[in-house]
Amino acid sequence: MIVATHLLEEFIDISHLDIQEICKVLDNIGLEVESLTRVQMPRNVVVGKVLEKNPHPDADKLSVCQVDVGKECLQIVCGAKNVDTDQFVAVALKGARLEFDGRVLEIGESKLRGVNSYGMLCSSTELGLGKINEGIMLLDHSIGELDLGRELCDYESFQGYNLEISLTPNRGDCLCVLGIARELKAYFGLKLKKSREYMSTNQIGVGRKFQVAMENKISASLFYKVVDFESKTLPLKLGLALANAGILKKGILENYLAYITYMTGVILNAYEADALRKDQNQANEILWLHVREDEKGFETIYAEERLSNIGIGNVIHQDIDHAKTIVFEASYIPPTKISKLLHTYKDFPHDKELVYKTTRGSNPDLHMGMNYLCLLLGAHNDCFIYNGMQEVKQDAAPNIIRTQFSNISSIIGAEIDGEIMSEILKRLDFYLEVKANDDSFSIVVPGYRHDVFTEQDLAEEILRIYGVDKIPAVPHKMSEISKITPVCTTYKNQRALISRALANGFLECIHYLFYQKERLHALGFPTLREEKELLNPITSELNTLRTSLLPALLDSVARNQNYGYRNIKLCEIGSVYDRERTESTKIAFVVSGCLEGEIFPHPKGVKWDFYTFARVISQIMGEFTLQKSSQALPHVFHPYQSAEVLRDGKKLGIIAKLHPSIAKELEIQNAFICELDVDAFLLEHPLFSPFSKLPTSQRDLTVLIDRDIAFGNIRDVLMSARILHLKNLYPMDIFSENETQIALSIRVEIVPLENNLREEDIQAIMQKILEILEENFGAKLK
């Protein structure tokens, strides 16, 4: 919103106020001043009058004008099409310095196509103003008395400052110059200037020319005047103000309506008489408008056809500048109604500029806006304004807020005297009624304030005028509880697991909680029971809650492989759901391609294998054991390269190679997958225990054993035997001996606790191990 200080002067006297103080106050009360520009009219630009206009002897598009500038008459060559005799114009004399379009023009004597020129007739843009018309700027008495030779910089319209103000959406009342003036009036304790009332000298009442009929109940208020025009003129002051604000229209009457709304906030419209319904009575022709609410709830203006939607915009195009008789309409409709209707009917045609104002709240004082219009039309046009008005008035219930001064102080956080609060509210045009006990009071909110409904809103109004800087700073009293909650600890542990994954070269993914039910079935994963399914899924591709993280990760691997990435490592941690829709948290890993790329000393790269993948997962998740799955696995897992992941004997997930058929379908090369329950892997505080300072002894043992016996069973039996000094054992190699047996090489780690072990002590331990293997698994020393 751009406001000129000389326009503010029409409502309040701010001549004694410093412009910097005005800007600071506006900032403090919530109307942020984004920029401040001084209006500087160049010196030596004066009022002139064109006495003669003759064609240039050697240029068809130039004219030779004799221009009276008070002390002398100058010959000036002009190329503007709109120049004519008896016009008042802006004349740049010799020595004038014009800055426009990024260049500087020094005015002096010149010769144009052989004819001497002693000045320049200026357009508005050449004087640094907004563009108001094609050609030169024509002066009129709207800017003041036109004294020939008087410099334009002496006129009020070419002085002062332009303020660009940023408004919050709730301050629709400040979308006009009057709204800004009211705010300054409230802060500085000024008084609004009383506007002059238009007094018609005509005896013919508007009712003899025009009638309005309301066909059903509406919420809008309407105010009508009828004007017969002989001629129409847009005064310079209005054109400059609208151009300066960036809202200049094409039509003359359209600009009058825009100017009234810009100045007062009252919404105006106009209808040409030819568009209205006409009834012939005995004396004269009556123009009719009909008002009704349509089936959708829009309040509309009808004649023979729909003309406009109140607060929304016109439906038909009108050429009101060429019409003799015009019906002017001032309207107000509650902003909530417009907002709700346009929210319901989002594609309904509307005037965006108009709706921007009506949805934020326009000025309900329709008489003020229409009075202002009549004053301007009567002063600058040859017209006949019919006496009286036609009105559709709504008796809206006042917005009353009942509260207490103590409540307001409590909300603000400081004690403010009740009289100070009362004075501030009165300055803001709130009607105040104080109760007998002097603490309780009632407030009637002015009709133009559409953003004040609660005592909190009242507190905000008081505070912004009183001044936030006057409220003493008070330490915030609080008691802090431990931030180390179970939720916080769980989150930190989950992020620690992801950090470990990132350190091992994985990239973290985040996918939707939803997935395609049919795809989960195809991969062999369970889905929600029918009665637990989503009633209103986002799309058919996301029609159920995911029961595994792996499908979406595999999709991401396939997508990235299509982008040209050959070696991929992805992980994700997130929620999954079982058939009963019970939520749990899992972490999943997927790798494809090579562990190490094609680089010396591995020109063909190092491919992933099951045990390498398991070792990397162990580096991230910590120690675990593997065992052959005892249950049927989802189709996505390889039947022979898969295992259950266990910790402390509890099954926590599956690690496997991707099933060849799924890999072929997705075109994924050499992929391994793993999905684990997170809670069992949450990091805990380390528990320290003493360790031996003596050297560790290693011995290898090779036995013949049944090929169907899992090494995990062998390890569990040996470790549970609690053999003294036995620290660890793990497989080294296997050799196929025959169809039923393999040769299994086992490495044993033996750690003494207090004294070094002799060779015979170590041999006794190895013999004990062999005996247990023979007894439990039928193994024989090879």
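Contact means heavy atoms within 4.5 Å. The legends below describe a predicted model, in which local features need pLDDT of at least 70, side-chain atom pairs count only at pLDDT 80 or more, and totals for chains, interfaces and linings use all residues. Residues are numbered from 1 along each chain as its sequence is written, and side-chain values use heavy atoms, with hydrogens and water left out.

View 1. Y431 belongs to strand β26 (residues 431-434); strands (E, at least two residues) and helices (H or I, at least four) are DSSP runs, numbered from the N terminus. Apart from neighbours within four places in sequence, Y431 is in contact with S442, I443 and V444. With a relative accessible area of 53%, Y431 is exposed (exposed is over 50%, buried under 20%, partly exposed in between; 1.4 Å probe, protein chains only). Although Y431 and K483 are 52 residues apart along the chain, 49 Å separates their C-alpha atoms.

**View 2. Packing of helices α12 and α15.** Helix α12 (residues 486-503) packs against helix α15 (residues 610-621) at an angle of about 140°, and their axes are 8 Å apart. Axes are lines fitted to C-alpha atoms, for helices over the stretch in contact, and angles run from 0 to 180 degrees between N-to-C directions. The two helices α12 and α15 are therefore oblique to each other (under 35 degrees is roughly parallel, over 145 roughly antiparallel, 65 to 115 roughly perpendicular, and the rest oblique). L497, R500 and A501 of α12 meet Q619, I620 and M621 of α15 in this contact. Of these residues, four are nonpolar, one is polar and one is charged (Ala, Val, Leu, Ile, Met, Phe, Trp, Tyr, Cys and Pro count as nonpolar, Asp, Glu, Lys and Arg as charged, and the others, Gly among them, as polar).

**View 3. The cis peptide bond at P601.** F600 and P601 are joined by a cis peptide bond with omega of about 10°. P601 is placed in the loop between β33 (594-596) and β34 (606-607).

View 4. Most residues other than glycine have a negative phi, and most peptide bonds are trans. In D101, phi is positive, near 50°; this residue sits in the loop between β7 (97-100) and β8 (103-106). D101 is exposed, its relative accessible area being 68%. R722, also not a glycine, has a positive phi of about 55° and occupies the loop between α17 (711-720) and β40 (726-736). R722 is exposed, at a relative accessible area of 75%.
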